[in-house]
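Please look first at the whole chain, and then follow the paragraphs below from the overall fold to single residues.

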Amino acid sequence: MERQRLGWEAAAGWMLGPCFSLLLGAPMVSALQGPSLLLPLEDSGPENASWGSQEAQDNESSVHTVFFSLDYHHVQVPFEITLWIMLASLAKIAFHLFNKLPSVVPESCLLIFVGLIMGGIIYGLNDKSPPVMDSDIFFLYLLPPIVLDAGYFMPSRPFFENIGTILLYAVVGTIWNVFGIGFSLYGICQVKSFHLQDISLLHNLWFSSLIAAVDPVAVLSVFEEIHVNEKLHILVFGESLLNDAVTVVLYKLFRSFCEMSTIKTVDVFAGIGKFFVVGIGGVVVGLLFGMIAAFTTRFTKNIRVIEPLFVFLYSYLSYLTAEMFHLSGIVA
């Protein structure tokens, strides 16, 4: 009688399994069906009993349901980028809570100091740099919004009225700074007491392309406070906007030279030609997407809500398109 009762329970479990699967899901049904397989029916042979016990073990291994799990690598890149932006924003708020601090130390220097502290802490804990903050992440995700903010709020009419002087400062002045700093550092490296003779001239020029561009945030803030002449303000602002593009081009150029085993005269002239192609090509890409954006926004009279989206998308597409063809995305 006991075996017959267990057999009926097993049969009922198999019949009610599909019904419970609609309500409880497969893991709960497996839990209902699994133990009944451990008790074979009266007319079951040894083969059926062994098959039933094997399936019961498989079902028991899949019964456990994970209620909480952690997959940090799935969101590591956007999560850490958001944390870095949040850190910079909180630091900016903290700086302005102290009214005298920004007047003593420029805000950009304070942000650099915060970045050095956080980078040192991360490097000290892991003995390596943050895995997410590489050059591709910076140039493709963090730099475009900064450039868009500077270009969108730029006074366009005074900028184009003084475009010749701005280009003279941004292009010729930045190139002068790069080579001046590079050759000066190379001369210092040749001093035997410093033991830096193994650093080549190209590596010094490569480093100088990183620090040659001046960020006149503090100067511009002072100009706004004292209401300086508009022409002087736009010259400094325009130079600070375009010198980043020049330094990025020089940085990539010197990096490619450092990766070459031998540099020929043709490579030097090709690099000079590439400098102009990169700059002019960025202007062409920017004009193309600007015209497309102007044409698209002609039809958004009744749906103004998507116009800011078009401004961001076309600007970001112009940057990515220029970078795709190895042109200047900042100029674009």
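The secondary structure of this chain amounts to 14 helices and 0 strands, where helices (H or I, at least four residues) and strands (E, at least two) are DSSP runs numbered from the N terminus. The model is a predicted one, in which local features need pLDDT of at least 70 and side-chain atom pairs count only at pLDDT 80 or more, while totals for chains, interfaces and linings use all residues. Residues are numbered from 1 along each chain as its sequence is written, and side-chain values use heavy atoms, with hydrogens and water left out.

Of the 332 residues in the chain, 26% count as buried; buried means under 20% relative accessible area, exposed over 50%, and partly exposed in between, with a 1.4 Å probe and protein chains only. Contact means heavy atoms within 4.5 Å. Among contacts between residues at least 6 apart in sequence, 62% join residues at least 24 apart.

The UniProt record, an unreviewed entry, places the feature "transmembrane region" at residues 105-125, 137-154, 166-185, 205-223, 274-297 and 309-331. Such positions are given in the numbering used here, feature names are shortened, and annotations may be inferred rather than shown by experiment. Two of these stretches may be examined in the model. Residues 166-185 are 100% helix and 0% strand, with end C-alpha atoms 27 Å apart. Residues 274-297 are 96% helix and 0% strand, and there the end C-alpha atoms are 34 Å apart.

Which residues make up the largest nonpolar core? This core has 11 residues in all, namely V178, L205, A212, V246, V249, L250, L253, F254, F257, F275 and V278. A nonpolar core is a set of buried Ala, Val, Leu, Ile, Met, Phe, Trp, Tyr and Cys residues joined through side-chain atoms within 4.5 Å. Both α12 (230-259) and α13 (265-296) supply at least two residues each to this core, and the largest share, 6 residues, comes from α12. Leaving aside neighbours within four places in sequence, A212 is in contact with T174, N177, V178 and I181. A second, separate core of 9 residues includes I166, A170, L235 and L241.

The packing of helices comes next. Two packed helices are described by the angle between their axes and the distance between the axes. Axes are lines fitted to C-alpha atoms, for helices over the stretch in contact, and angles run from 0 to 180 degrees between N-to-C directions. The angle between α12 and α13 is about 155°, and their axes lie 10 Å apart. Therefore α12 is roughly antiparallel to α13, a term for angles over 145 degrees, whereas those under 35 count as roughly parallel, 65 to 115 as roughly perpendicular and the rest as oblique. On the α12 side, V246, V249, L250, L253 and F257 make the contact, and they meet D267, V268, G271, F275 and V278 of α13.

α13 also packs against α14, at an angle of about 155° with the axes 9 Å apart. This makes α13 roughly antiparallel to α14. The residues in contact are V285, F289, I292, A293 and T296 of α13 and F310, Y314, L317, S318, T321 and A322 of α14.

Finally, two residues deserve attention for their backbone angles. Most residues other than glycine have a negative phi, and most peptide bonds are trans. H195, in the loop between α9 (163-189) and α10 (201-211), has a positive phi near 55°. H195 is exposed, with a relative accessible area of 64%. H326, in the segment after α14 (307-324), has a positive phi of about 60° although it is not a glycine. H326 also counts as exposed, at 62% relative accessibility.
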